[in-house]
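Dear colleague,

I am passing on to you the structure shown below, together with a short account of what was found in it. Please read the account with the structure open.

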Amino acid sequence: MNLLQQVVNGIIIGHAYALVAVGWTMLLGAARLVNFGHGQMYMVGAFAAWWFMRMTGLPYPVAVVAAILVGALIGAVMQRLLMRLTLSRDLVSLMIVTLGFGQMLEGAAGLTFGPRPQTLASPFQSMTLHFGAIWFTVQDVILVVAAIVVFLALRLLLNATKFGTAVRMVAEDPALTRLAGIDIARVYMGIFAFEGAAVAFAATLVAPRTPILTSMGFDQVVTTFVVVVLGGIGSVAGSYVAGLSLGLFTALFGALVSPAYTTAAVFALLIAVMALRPGQLAASANFAR
Amino acid sequence: MSARRLLPLAGAIGLAVLGFFLPRLLGGSTMVYDTLVVIAIFSAMSYGLDIVLSDLGEISLAHTAFFATGAYAAAILTARYGQSAWVAMAGAILASLALALVLGLITLRTREFAFSLVTYAAAIVCMNVASNWDFLGGSDGIVGVPPLDLSVGPIALTAGQSFEFWPYAYALLLLTIYFVYRFRRSSLGQAALMVHMNPRLATMCGLDGNRVRLQVFLVSAPISALAGWLYAFQRSYVGTDLFDTYFLVLMLTSVIIAGRGLLLGPLAGTALLMSQKSFASLGAYGDKLVLGAILVAALCYSPRGLAALWPRRRLKVVEASAQASSVRSQHG
């Protein structure tokens, strides 16, 4: 067993986790919204790209763009549905609605894409790079670079643009933001669309690694939970670090202990963090940092 | 006993008797019996979640795991170890209590979405363990659960066919509803409501919020587990599909759709949803879509449930009496 190879795998998986979680981090940080439909949005993103390639015959990069648009659209639809509950900050109802929304996406995806596992074919998945005993694919490189770019861009967006300021204001106090003359419905629309687009983008980059199934959203979401919680709820930089650490943890645990119980180990990690630092579960003040 | 208390009691008994003959009134076909049995079992399952959601005000997403625990305990004890259904029942209750205790202690200090996140993650981990651990049948599940046999001494109580199954499912449902009714009038039920509605006042009254939460969680788990216990006999097979989000969304929707806190709410909700699945099914995916859409629509357009759409005096009376009783218990 090559330990260095596992570390490389961990770094790649870690960036995948971080990229999948980034939209939700933003949603949680800015709108205090837990999205239980996140896993299903991931699934739809992957299937949208697959379906687009199959129907139009256009190459993979075009399908990625198409999936991002579909993702943003789903996010926007979700925002329209949730508008009233978001404004009244009825967090309990919001959470349940996102579960129902995920269920709808899964049912609709099953009807549209069928029950069979499919493969999202990326040409970069078969291009491998070897460095001595270590190898990875060009797809992996794209994934890692894309994750870093998205995180840096989000940080820049939040801290150096007018829209970013509005998002941070909404995160602090939506009522006051409205008094300042900002249309908070549009800010929420932006946040939701970003969540949808980001998770769809992540799906198109991550999904070529494994076969895709319309039922895969259910357990996909657990690692995302852990990334968000470990990173300090809603903290952008925290999610990146947490994603990376979790990637290394799962790669090493899967290789050295047992691949079947990785999910259980990740959950145990979550419990350990909660027991040691319960304060982290409170909504973080570190959003956008 | 005054006429004011006797009348609702007579009404409840009348309704219960009528309910028993419902499958015959609806034609008595196997389809009708199957649907009603499943409605009874799934309503009982939903009542477990109901007391956590409506009374404690937290969203537990681990109740599918309790439901599955009950089913797995029944299947393992009867199919593998040849134990009776009664032993399996005790096993289902104990196993679910153990799981609820562990989960309850883990989530003791979490609130709102952290609580929901952790319970959701716990349900996924339980599924993960069930599909990998050979003791729990792995991904194949456990087949060959024998027909239900609750015979005691000379009294033969067995059920194989769906119409023979109905009395047991119906009895479980009635017991569950009665239990929830008693729970809401118990000091624990009142305490749960106060911890939910006004935690600071609860603390001032000397209630330990964490303790109440843990107790309610422990009370709720065996309710869902008993439903799972009966479901294992009805299906004669258990598998990892019991952890499916479908059951979770079904439970949540049935609790919410009619109106949170209404005694017969989860029953009405389950009946509505399962009737659609049995008599107007759109296939597995179509049903998922319908279920999700109903949940989203209910919460976005009438968050307090269908019952709130036609505001009647009776509902106000129920709310007023709930307030009055919480005021009473604050002074008591």
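How many residues of chain A are in contact with chain B, and how many residues of chain B are in contact with chain A? In this model, which is predicted, 37 residues of chain A are in contact with 33 residues of chain B. On the chain A side, at least two residues each are supplied by helix H3 (60-88), helix H4 (91-113), helix H9 (217-230) and helix H11 (262-276). The largest share, 16 residues, comes from H4(A). By residue class, the side of chain A that touches chain B divides into 27 nonpolar, six polar and four charged residues.

Elsewhere in chain A, helix H10 covers residues 236-256. Its 21 residues should span 30 Å at 1.5 Å a residue, and because its end C-alpha atoms are 30 Å apart, the expectation and the model agree.

In chain B, helix H4 comprises residues 63-80. H4(B) has 18 residues and reaches 25 Å from its first C-alpha to its last, close to the 26 Å expected at 1.5 Å a residue. The helix is mostly covered, with 17 of its 18 residues buried. After H4(B) comes Gly82(B), which has a positive phi, near 65 degrees.

How is H4(B) placed against helix H6 (residues 112-132) of chain B? The two axes come within 9 Å and cross at roughly 30 degrees. Angles under 35 degrees count as roughly parallel, and H4(B) is therefore roughly parallel to H6(B). H4(B) contributes Thr64(B), Ala65(B), Ala68(B) and Tyr72(B) to the contact, while H6(B) contributes Ala122(B), Ala123(B), Cys126(B) and Ala130(B). These residues divide into seven nonpolar, one polar and no charged.

One further residue of chain B may be of interest to you. Leu101(B) is found in helix H5 (residues 85-106) of chain B. Is Leu101(B) buried, partly exposed or exposed? A residue is buried if 20 or more other C-beta atoms lie within 10 Å of its own, and exposed if 12 or fewer do; Leu101(B) has 14 such neighbours and so counts as partly exposed. Leu101(B) and Leu22(B) are 79 residues apart along the chain, and their C-alpha atoms are separated by 38 Å.

With kind regards

Terms used:
Residues numbered from 1 in each chain as written. Chains lettered and ligands numbered in written order. Predicted model: local features only at pLDDT ≥ 70, side-chain atom pairs only at ≥ 80, totals over all residues. Helix = DSSP H or I, 4+ residues; strand = E, 2+ residues; numbered from the N terminus. Expected span 1.5 Å × (residues − 1). Axes fitted to C-alpha atoms, helices over the stretch in contact; angles between N-to-C directions. Parallel < 35°, antiparallel > 145°, perpendicular 65-115°, else oblique. Contact = placed C-beta atoms within 7 Å. Nonpolar A, V, L, I, M, F, W, Y, C, P; charged D, E, K, R; others polar.
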